[in-house]
Protein chains: 2
Amino acid sequence: MSLAAALSRIDADLDASLARLFEIIRIPSISTDPAYAADVARAADWAAKDLASIGFEASVRPTTGHPMVVAHWTGPVERDAPHVLFYGHYDVQPVDPLNLWERPPFEPALITRADGSKMITGRGSADDKGQYLTFVEACRALVATTGKLPVRVTVFLEGEEESGSPSLTAFLEANKAELSKDLALVCDTGMWDPTTPAITATLRGLVGEEVTIHCADRDLHSGSFGGAALNPIRVLTKILAGLHDDSGACTLPGFYDGITDPPKPVTDAWDAIGLTPEEFLGPVGLSTLAGEKGRSTLEQIWTRPTCEFNGIVGGYAGDGFKTVLPAKALAKVSFRLVRGQDPAKIRAAFRAYVTQSLPKDARAEFKEHGGSPGLALAFDSPSLAKARDALTEEWGKPALIIGAGGSIPVVGNFKQQLGMDSVMVGFGLDDDRIHSPNEKYDLTSYHKGIRSWARILAAL
Amino acid sequence: MSLAAALSRIDADLDASLARLFEIIRIPSISTDPAYAADVARAADWAAKDLASIGFEASVRPTTGHPMVVAHWTGPVERDAPHVLFYGHYDVQPVDPLNLWERPPFEPALITRADGSKMITGRGSADDKGQYLTFVEACRALVATTGKLPVRVTVFLEGEEESGSPSLTAFLEANKAELSKDLALVCDTGMWDPTTPAITATLRGLVGEEVTIHCADRDLHSGSFGGAALNPIRVLTKILAGLHDDSGACTLPGFYDGITDPPKPVTDAWDAIGLTPEEFLGPVGLSTLAGEKGRSTLEQIWTRPTCEFNGIVGGYAGDGFKTVLPAKALAKVSFRLVRGQDPAKIRAAFRAYVTQSLPKDARAEFKEHGGSPGLALAFDSPSLAKARDALTEEWGKPALIIGAGGSIPVVGNFKQQLGMDSVMVGFGLDDDRIHSPNEKYDLTSYHKGIRSWARILAAL
């Protein structure tokens, strides 16, 4: 059986796989700092050559920023479908503050812990060099043992993920035909815990709004005008206070239209996790769920939309006291959206509510801060079931279908620009310290991650 | 008749009176700027000598800041009672920005306008050198023509009014017996309009509170925690929104306890003014009263208490957008109080309301920013009636009994420290540009102001 051979090969080749990972970790491809531009280019070259060494037709593709790497498998395949697009990124976060690192960030090492477990250290070990190589190394083993891949594969690596992906949209637009495949595989997520694999199937979208309430044409003295003159902080706080009802639900008309709950087996699995509010909120000093009554912790952060106030400012809020009636007050409001909600309709409903709530003499000014829909895989999609079974097989424990409360922008781009769903599988752990000093990736994540992808590719 | 003689003398002596005013305007007694300390001392000396030249026993009294001037009339009087304490201040505001002045601020001049009316220019011409000299010059004329004053008089001049009166409380405390008189006369207010004199009989007090709502022990990402974690801006806005009902009234229990409306003749006079919301609010770009329904413009700013939000801040409110759930949010809340309300009770009611409104996981931290009661003369006080009749006589038009929406701290000090009511009479006009470049004082204000005080002193 070809998969068994590939898995054996992965085990046997682990030291060489690690050596390759160390090679790319040694390249300080910090995308946000122009001083490292040549290193970023060097990392792109390394990634393309590495893919070419397996047999991919790999190219480094210039953009107005850092290059993209695109590699097509043009060799033999077992099945023509699906054609998958694997996404990862070869750039990394800055390393400041350097003095907090226990080892130099770009000199990777394999460290054995007291309990015998091992970890790979270095910037990018987890985010995302280690993660993306789990997929590439799986392809290497499959090709080495079978001479082919189970399905058609295109690898797409970005070099600007850690600096806001400024070139991504234009690149996808310009290369739509080449990159639009049946399914995207995205490896930028994590495990549920160190022994439980997970597939992230839902991401929340976001509508960001900034509203400024204007009243008088200047700041007023609260002695002279207090009582008689309209106070924009009072108008604003009343408007914001009206956005949630007593059950914690958002009051905007139509806000929940189009939302469907995940199927019972999925929510049953979540209930089985039994994550209590205390467990989830305790580490940040809270204990009680603040969202819709009757919804579990995981529903509140994964599959229910929110209305949050991210910022507010008005009048004098420095030291001491100033008896001012300000001319204006501002709030930043965001809505996390789930699948089924239309960002444009939510924005319009918010603006209509604010406008209708304005007393005479008050005026609202709006500014848009982004809008993206919530995303969710069809929970009954065969790809999801196959990936879940493959992960379950590898880890010896049922893989969880989970959600993510935030967004992963590239998944939105794939959906909106290329019409492509993403299956998000990753092997990161909560303690990987990505974006922080002493980033690491467990050797188990790397080794079993490679094995997991071999199984998933074979199963698709 | 002695008053008639004094009035004639005032008219005849106007040029000399003006020369004296010009002398003190020429001294740049800017109290807030240490560079002018010697000038402030010089102005105190000038004021004391000027009072001594009339026959007062005047002294310059050191403080830890700028000196006070205290002058007792120890000469003959017509009546032993009341003994009045006249308050004014000889210090002035800074003059920046100097380039906006049409004439040098400390070179006073008498300017004739196109319509023939005249004005005195210079920093302090209105606030408060011109105003306080109206009283002193009235005394001078009365003494010059009758050899005595109608009642006992003590003049008390401060040199730190424009820099927050840091020495006032201690000075009053240390000289309580010397300065506690039957009635204070305070000349730091204005006319209703250029032809209508006014006595300010009510001042609103102030309770200032700062409340910070704390939730999580750190800022959270709204993707990971949004929905589940309590948002302090949401808690704060809901609390603030609950402080007013739909009629614009403050909802704190007992908030309006102890308040009595002014007597009907007073409010009838206000109704007769017929100040519309548009007239009052139009100049600042508003048109509609925001306070308690059913209360007139003048009631809303003079005799009704308020609950205002002077500042609010929480989360990220700069450019762009940050998907943060902040750990805390802060508001500055003030209550303008009228006579009958107890600042301590209002503060306690506010804190109790906030505390009772807190959901689980939220904590409120309070900071006190001052508390002073509202003040009002008894509307039936004989002194008030006498002063009103005297002003009516001088201006040929009924003097209005008015209120002030803000506080005049010294009036609070007199009431609380010395147990003394204040009758506030002044001749300033709305266009005097006090605290701004091109401060002026109308010659009519000065001349008829002096005559008014002579009449008031004779009437008391």
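Two strands count as paired if DSSP finds at least two bridges between them. Keep that cut-off in mind for the first stop. The model is predicted.

**Stop 1**

Select residues 308–315 in chain A and in chain B. This is strand β11 in each chain, and five bridges join β11 of chain A to β11(B). The two strands run antiparallel.

Now widen the selection to the whole contact between the chains. There, 67 residues of chain B are in contact with 67 residues of chain A. On the side of chain B that touches chain A, β11 (308–315) gives the most, with eight residues. Colour that side of chain B by class and you will have 27 nonpolar, 28 polar and twelve charged residues.

**Stop 2: the two domains of chain A**

Domain 1 covers 2–203 + 375–459, and domain 2 covers 205–252 + 306–372. Their C-alpha centres lie 41 Å apart. To see where the domains touch, look for six residues of domain 1 in contact with six residues of domain 2. The domain 1 side of this contact has two nonpolar, four polar and no charged residues.

**Stop 3: a three-stranded sheet in chain A**

Stay in chain A and select 109–112 and 440–442, which are β4 and β18, together with 118–121, which is β5. They form an open sheet in the order β4-β5-β18, with antiparallel pairing. Strands β4 and β18 stand at the edges with a single partner strand each, so one side of each is left without a neighbour in the sheet. Neighbouring strands here are turned by 30° against each other on average, direction ignored.

Zoom in on β4 and β5 of chain A. Four bridges hold this antiparallel pair, and A:T112 stands opposite A:K118 in β5(A).

**Stop 4: a glycine in chain B**

Bring chain B back and select B:G426, in the loop between β17 (422–425) and β18 (440–442) of chain B. Is B:G426 buried or exposed? B:G426 has 25 other C-beta atoms within 10 Å, and a residue is buried if 20 or more lie within that distance, so B:G426 is buried.

Next, show what surrounds the glycine. Leaving aside residues up to four places away in sequence, B:G426 touches B:Q131, B:C187, B:D188, B:T189 and B:G190. Finally, draw a distance from B:G426 to B:L289: these residues are 137 residues apart along the chain, and their C-alpha atoms are separated by 28 Å.

Conventions: Residues are numbered from 1 along each chain as its sequence is written. Chains are lettered from A and ligands numbered from 1 in the order in which they are written. This is a predicted model: local features need pLDDT of at least 70, side-chain atom pairs count only at pLDDT 80 or more; totals for chains, interfaces and linings use all residues. Axes are lines fitted to C-alpha atoms, for helices over the stretch in contact, and angles run from 0 to 180 degrees between N-to-C directions. A residue is buried if 20 or more other C-beta atoms lie within 10 Å of its own, exposed if 12 or fewer, and partly exposed in between; C-beta atoms are placed from the backbone. Two residues are in contact if their C-beta atoms, placed from the backbone, lie within 7 Å. Domain bounds come from an automatic or database domain assignment. Ala, Val, Leu, Ile, Met, Phe, Trp, Tyr, Cys and Pro count as nonpolar, Asp, Glu, Lys and Arg as charged, and the others, Gly among them, as polar.
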